[in-house]
Each structure stands twice: as C-alpha cells, then as structure tokens.
Amino acid sequence: MADARPSRPALDRRLDAALVLTTAGLLVLAIATFVDVRRSLVAVDRGLDATLTAFTLLAAIGVGLLNWTRFRADGSRTWLLQIGALAAAGSFFLVQIAATTLDPGGTLGVFLGGGSDLALWLSAADRIIVAVAFLAAARAAMTEDRRPVHRPWVVVIAPVAAFLLVAGILIVIQGWLPGYTERGPTLHVRIEGTAGSAAAIVALSGLTPPAIAIGLVPIICYVLAVDAFRTARQERGSVAAAYLSVGVCLALFSEVQLLAFPSVYSGIVTFADVLRFLAALVLFLGILAQERADIAALRRLAADLDRLRITDREQAALEERTRIARDLHDGLAQHLWLAKLKLDRAIRASGPAVADAARETRAALDAAIVEARGAVVTMRDGDPRERSFRIALRAAVTASTTGSGLDARLGVDDEVPDRIRPGVQAEVLRTLAEALRNVVDHADATVVRIRVRRTAEGVVLAVADNGSGFDLARVQPGSGGIMAMNESAALLGATLELTSEPSAGTTVTLRLPGTVEIPGGAHTAPGSGTTIPPSPSPVPAPEGPR
C-alpha cells in the first residue's frame, strides 16, 4: 500500500506558509499597537491578568515535563535547554502571579507610575535569558547535539540561577539604573481587585534608548532561533521543530509588542501577554505532535521488522528448496536417466514379449524424469539468478510440458510485477507445475493456455486446457493434485478456483490478494530479454478434444 503521508518537501512548504501567515498577521497587530496612542488595546483587569499568566505558567510546566521525557528518550540537549528557558520564564510568571494576588496596593512596585522601573528591568533581564536559552536549544536541534550530559539538572537550573543573579544585582543598583520609559503624558486608570481598588498610571510615552537597545536583544535571538528551528525541520525532519518555529515566532512578536508598551506590571493586559500564552500552547501541541509522529514511526518500524522476519523465513525455505533441487538433479534425476539408458539396451537385446513390458516401463521413466525436472525448476526459484517472475514462469512451463506434445502458450500482462516476494513466487510456480502436470497426465489435451494478469484485487494465474474435462461433483477433493494446489493457495491467503465439464476442458484459476511485488521492484517492459509478451487475446475458452 502506498504511503499516504505528505512528503517532507510538502511539509516544509506548509511550515513556510504558516510562518509567513503568522508573521504577516502579527506585523499588522504590532503596527496597530504602535499607532494606538491612547492604548485602547490595553486591558486593565487584575483577574484577567492573573488568569492569563497562570495558564501560561501551566502550559510552560506541561511543556517542560514533556521535554524531560523526550530528553530521557533520545538524549538530545535541545530538550534540556528548552526546559531551562521555560524554568526561567516560569520564575518571573510566579512573581507576577504573587504580585497580582498578594500586593493589591502595589507596595511591591509592580504598577506603572510607582516611581521605579525596577520591575521593567527585571522583566527585560529575564526575557533576554529566556531568548538566549531558546536560541541555544534551536542550535542544538539544528546540529542534533546528543553529547552526554552528566548533570542535566545543571543545564535546567542554569537560566534560573542566571536570572536570580542578575535580579540581585539590579536590586542592589536600582538607584543607579536609567529610566526604562520616558515620563510623558499619563492615563490614570483604576484596577479593581478582591482586596479593594488600586490606582495605576499608564504611561503613554515610549521607551528610553537603553530600554530599546535591551528590548532588541531578545528579538534578535528569537529571529535566529526561528531560522534554526526551521532548518532543523528541513534537515532532520523533526515535527516538534516545525511547531517550535511557529511558537518562537509568537514569542518574537510578543517582544515587539513590549517595545510599544511594557505589560509586565500586574493588572495590565496587552497582546504581549496573549502571545506569550499562545507561544507556550503551540510548544505544548508540538511535543504532543512529536509523540504521535514517534509512535507512528515505531509502528512502521515494527511492520518493517515483521516483513524482514517473513523475508528471512522465506529465504531459509528457498535455500532449503535449492538444496533439495540440487540433490534431486544430482541424484534421483540422474539415476532415472541411467535406468532409462539401460532399459533401452535391454529392449534392443530382448525378445518381442519382453519388449512390450519394457516399453511401458520406459514410458513411466520418461514421465518420472519430466516430473523430476519440473520439481527441480520449481524449487530452484530461490536461486538469485532466477528471481525474475517471468523467467521463472517460462522455465516452469517449459519443464512441465517438454516432450508432452502440448501446444503450451504463456501470456503475462505488462502490469504484472517482474519481481515478487520469493515465498509467493515459489508457491505460484508450484501451483502452476501441478496444474500443468494434471493436464499432461490426465486431460488428454492438445492445447494449454497460461495467462498471468494484474487486477485491482491482486494477481491472477489462469491455466486453461482443451482436454476431456471431468465432472467436479465426482472428484475427491484430495485427488489429482488438487490438495497440493489448495495447500499452496492457503499458504498465500489466495483462492483456488477449478472449473471443468466433461468434454469441455478445465480451467484452474489462482487469485492472489493484495500486493505481492518486492518493494521497489521494477516491471519489465515488453520486448526485453526477460519478458514473455502477453497473449494478444484473453485466455481462450477450452476447445473440445482433438
């Protein structure tokens, strides 16, 4: 069955289209935010802010746990580095949630207009650390870095430790920190909370040059990370890398939004907060998609292993067939031929009475030699030099009908594969040889037509003769080689059909289900050295006895 999965180039085109559409939409949103002088796109809602931040944190925790299982499974450093980035981001999310729920009066200095920009500088430091960690993860995914990590917990907590160190330094030197925002026109709003109301002042002016420079650092890191994850998808085929490209793109435009309006303060909700949540959600969905892709790959691998086991068994059986065929050729067939030669001498030296019995014995020997030759040809299908299905069919027909006086003609349709599974080929040839043996021994026929064709259900072999035929109702199921043909059909999961009427000939039809060709096997074009051209017409109806 053909693989219905999209090809890798098609998936890469889908990823590029998704990135283009995402970027275009977020650019429009960013422009709208920059031109929104009165901040009409800003929501002031303590509950919404806490809820959105909590869901973002939960999504980040889920991604981190799934990334840990991925790291334990394949040892890739990209998963550890992503966990570290998410841990650093989660640390600041916890501070925001605590400030929203435990500091209704804004005494922690996490409201705009509180006289200090420390919270903004802390947020900027955390976002830079997170962006650098994601860039390192993207580079690890692109290079497929699987170097042993002896202390994975160090990689995980390193970004958090870096943030805590930088935060401590910023707190100590906060009196010397430059302003993060320009103090311009302000908009007074009131945030309603469970512990009463708290006043907040929303600045309408832009960021200072140092703040803009700091804000560009995570943007540049995310741009490089998107490109690295996209490259990892194209070169490594990683499903998670495709989702990471989109998720990091969302994080990138979250940083762009923060250049227009910093929403780190509790109670203030902007599109930057929404984009951060969507980024975490996309990363979570990406890990799930990678898990599904891995399960599908394992199933395909298991199916391939099953096919290999079947092929190994078939190969072992074919090697044994070849050995038996060699023994028959070197032993039984040679002894029969020698017995025939000696009998010929005896006929010439004996009297008329003995000659009649000797001739009958000679005829029996001739039949035995033909059958032995047919058995050798059938069992030698395992020889790599005789793997072509068409050549094997021609050899089997020739071996089974030579010396019989039959007009035997073989037709193979162009659609029939020239390379089929060895075990299937052996049983098909065995059925063909048995059917032709019955024609030679019992049918009293002068013409036999063999046709192999391809149908929607599989491959069909038909052997039709113009012999005497017989009444199927009076034939025992195990007689006349019928049992042997039924056994071969059962081994293949095929069906064997036998049609015959007295004086109207016999047709044996073997219907093989499904795909029987070797994967990648080529068809042989008519006219080549190994092709038997198909009959110009379908297998004719058996003629009457001649």
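Reader: Is Phe-134 buried or exposed?

Author: This is a predicted model, in which local features need pLDDT of at least 70, side-chain atom pairs count only at pLDDT 80 or more, and totals for chains, interfaces and linings use all residues. Residues are numbered from 1 along each chain as its sequence is written, while side-chain values use heavy atoms, with hydrogens and water left out. Burial is judged by relative accessible area with a 1.4 Å probe and protein chains only: under 20% is buried, over 50% exposed, and in between partly exposed. Phe-134 has 6% relative accessibility and therefore counts as buried.

Reader: Which residue forms an aromatic pair with Phe-134, and how are the planes arranged?

Author: Rings of Phe, Tyr and Trp (its six-membered ring) pair if their centres lie within 6.5 Å, with planes under 30 degrees apart called stacked, over 60 edge-to-face and the rest tilted. A search of the whole structure finds three aromatic pairs. In one of them, the centres are 6.5 Å apart with 50° between the planes, and the partner of Phe-134 in this tilted pair is Tyr-222.

Reader: How many residues apart are Phe-134 and Tyr-222?

Author: Helices here are DSSP runs (H or I, at least four residues), numbered from the N terminus. Phe-134 belongs to helix α4 (residues 118-143) and Tyr-222 to helix α6 (residues 209-236), so that the pair links distant parts of the chain, 88 residues apart.

Reader: Why is the pair of Phe-92 and Phe-163 classed as it is?

Author: Phe-92 and Phe-163 are both buried, with Phe-92 in helix α3 and Phe-163 in helix α5. Their ring centres are 6.1 Å apart and their planes stand at 80°, so the pair is edge-to-face.

Reader: Within what arc do the buried residues of α12 fall?

Author: The buried residues of helix α12 (residues 482-492) are Ile-482, Met-485, Ser-488, Ala-489 and Leu-492. An α-helix has 3.6 residues a turn, so residues three or four places apart point the same way. On the other side of α12, Ala-490 and Leu-491 are exposed. Taking directions from the helix axis to the C-beta atoms, the buried residues line one face of α12, because they fall within an arc of 130°.

Reader: Which elements do the buried residues of α12 pack against?

Author: Contact means heavy atoms within 4.5 Å, and strands are DSSP runs of E with at least two residues. The buried residues of α12 pack against α11 (422-443), β8 (495-500) and β9 (506-513).
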